[in-house]
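User: Hey, I've got a chain open and want to talk it through. Can we go over it together?

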Amino acid sequence: MYPKVKKLLKPLIPKKMFRGIANFGHLLEAIVANVRNGFPARSMKFIGVTGTNGKTSTTVMIAAILRAAGYKVGMNTTAVVNDGKKEFENNLDGGLTNAGTFTMQKLLKTMKQNGVEWVAMETASQALDQHRLFGIPFHGAVITNLTNEHLDYHGTMENYAAAKGLLFKAAKKVSVVNADDEWAGYFYEVSRGKRVRYGKKAPEYKITTITSKQKITEVEFSHNDKNYKMKLRVQGEFNAYNALAAISATHELGVDIKTAITALEGLERIPGRMDSVNEGQDFRVLVDYAHTPDAIENVLDAAKAITKGRLFCVTGAAGERPISRRAPVGNIANRIADVLIVTDDEPFGEDPDKIRGEIFQGIKKGSGTAEVHEVADRWDAIKMATEMAKKGDTIVIAGMGHQKYRSGPKGKEKWDDTKIASDILKGKKSNKINDNWREVINNKST
């Protein structure tokens, strides 16, 4: 009944007033959902991870550390969910980072029944704002970073930060803040529990060295005048930060640092995050969820550091998402990559030609010198990259990551970048007629 009433009232009420009314409705829903399921979260402890980028990776790392410490662990991320017995793709309520409150409480009830002691939970700003996480006793809170995102919902960066700040006001024991992020001061100040920082500027968990190699990222850090080293299989400087965030949170909540390091050194992959596709080819193929300018820059920088040959980037931009990030994505990818193939992501109801055009605005205004191609069909774009790549090259397929579908004007269709890249490398053909490669635009000669 509530969703129908909400749909009818939304066009008739001013936006700010409607959000207040809607959020009151969300709170009532949350109370009912908690009562119906017996307040299941009260029997467990939670570490919440929020931020613009890196939430899933950090949450997976925290879960790995807690398991290594001997706890029964549940996990909720954008990519995967673990209910304490089985791990599965997050398709809850259409794949929301945090499902609606009735689905969320049902999941937590299952975790309780499965004997879960700790839950590592990625927490979305909208979920915090809409009371979807009401009733959850957060012991720890982690912020990875804060960049321009979700302003279509929050309106301003200040509102966006305030929504995420709700997690830090709720966390009872410890708040973990990225000292190198420009919003570090805000989250440090609003925190309720013990406050610690991580990063190169951090006094508590200080990164001293990050070295990217072909198969590992070596990290050195210090805490309480002791020095530590670790070798991560998940690559990139940003993952060094994610790892230290996970170590900081779990150590402050009782896990030995050496146990945490051992757990992270054994972590081979994070779904849809710098995920390797290997079918025997002599070049590297990586699939990543990066879709914001900051994430694209981090992933391409990480890939560049481990690439002997050329770096390819296959990317687009989603429709019905902030237009402001499209040009920067093009600018950044053109600056870092050697070959950039602009393609369609998931346009939703927008004109994909228009979306690509806005990416090209950033390419044309920037100073990058990549060889740039426009290939509308994503299958063709990936195939083109694999046909151009040679020994020692790296292809980064960005934007879709772990997703198993994409949304267009006619609704959702099955789509899996990892599987498609694998099929192409195996020599399989698309089931569509894809002969629509666009004119090659070479910035080096224009």
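User: Leaving aside neighbours within four places in sequence, which residues is I62 in contact with?
Analyst: I62 is in contact with I47, V49, A120, V142, A246, A249 and T250, where contact means heavy atoms within 4.5 Å. Before going on, the background: this is a predicted model, where local features need pLDDT of at least 70, side-chain atom pairs count only at pLDDT 80 or more, and totals for chains, interfaces and linings use all residues. Residues are numbered from 1 along each chain as its sequence is written, and side-chain values use heavy atoms, with hydrogens and water left out.

User: Ok. Which residues touch the most other members of the largest nonpolar core?
Analyst: I62, M230 and I247, out of 46 residues in that core. A nonpolar core here is a set of buried Ala, Val, Leu, Ile, Met, Phe, Trp, Tyr and Cys residues joined through side-chain atoms within 4.5 Å. Helix α9 (residues 237-252) gives the largest share, eight residues. Buried means under 20% relative accessible area, exposed over 50%, and partly exposed in between, with a 1.4 Å probe and protein chains only. Helices (H or I, at least four residues) and strands (E, at least two) are DSSP runs numbered from the N terminus.

User: What does the second, separate core include?
Analyst: That one has 33 residues, among them V119, M121, F138 and A161.

User: Back to I47 and V49. What are their bridge partners?
Analyst: I47 has A120 in β5 as its bridge partner, and V49 has V142 in β6. Strand β1 (residues 45-50) pairs with β5 in the parallel sense over five bridges. Five bridges also join β1 to strand β6 (residues 138-143), again parallel. Two strands pair if DSSP finds at least two bridges between them.

User: Why is β1 described as largely enclosed?
Analyst: Because five of its six residues are buried, β1 is largely enclosed by the rest of the structure.

User: Which side chain does E122 make a polar contact with?
Analyst: The side chain of T78, at 2.7 Å. A polar contact is a pair of N or O atoms within 3.5 Å; within protein, one must be able to donate a hydrogen and the other to accept it, and residues adjacent in sequence count only if both atoms are side-chain atoms. Not counting residues up to four places away in sequence, E122 touches several residues, including V49, T56, N76 and T97.

User: Switching to α14. How many of its residues are buried?
Analyst: Nine of the 11 residues in helix α14 (residues 378-388) are buried, so the helix is mostly covered. Among the buried ones are W379, D380, I382 and M388. The cover over them includes β14, β15, β16, β17 (394-398), β18 (405-408) and α15. At the start of α14, a side-chain oxygen of D377 comes within 3.0 Å of the backbone nitrogen of W379.

User: Which phi value does M274 have?
Analyst: M274 has a positive phi near 50°. Most residues other than glycine have a negative phi. M274 lies in the loop between α10 (257-265) and β12 (275-276), and M274 counts as buried at 11% relative accessibility. E320 also has a positive phi, about 55°, and is partly exposed at 46%.

User: Last one: what's the secondary structure of the chain overall?
Analyst: 15 helices and 20 strands. Buried residues make up 58% of the 446 residues.
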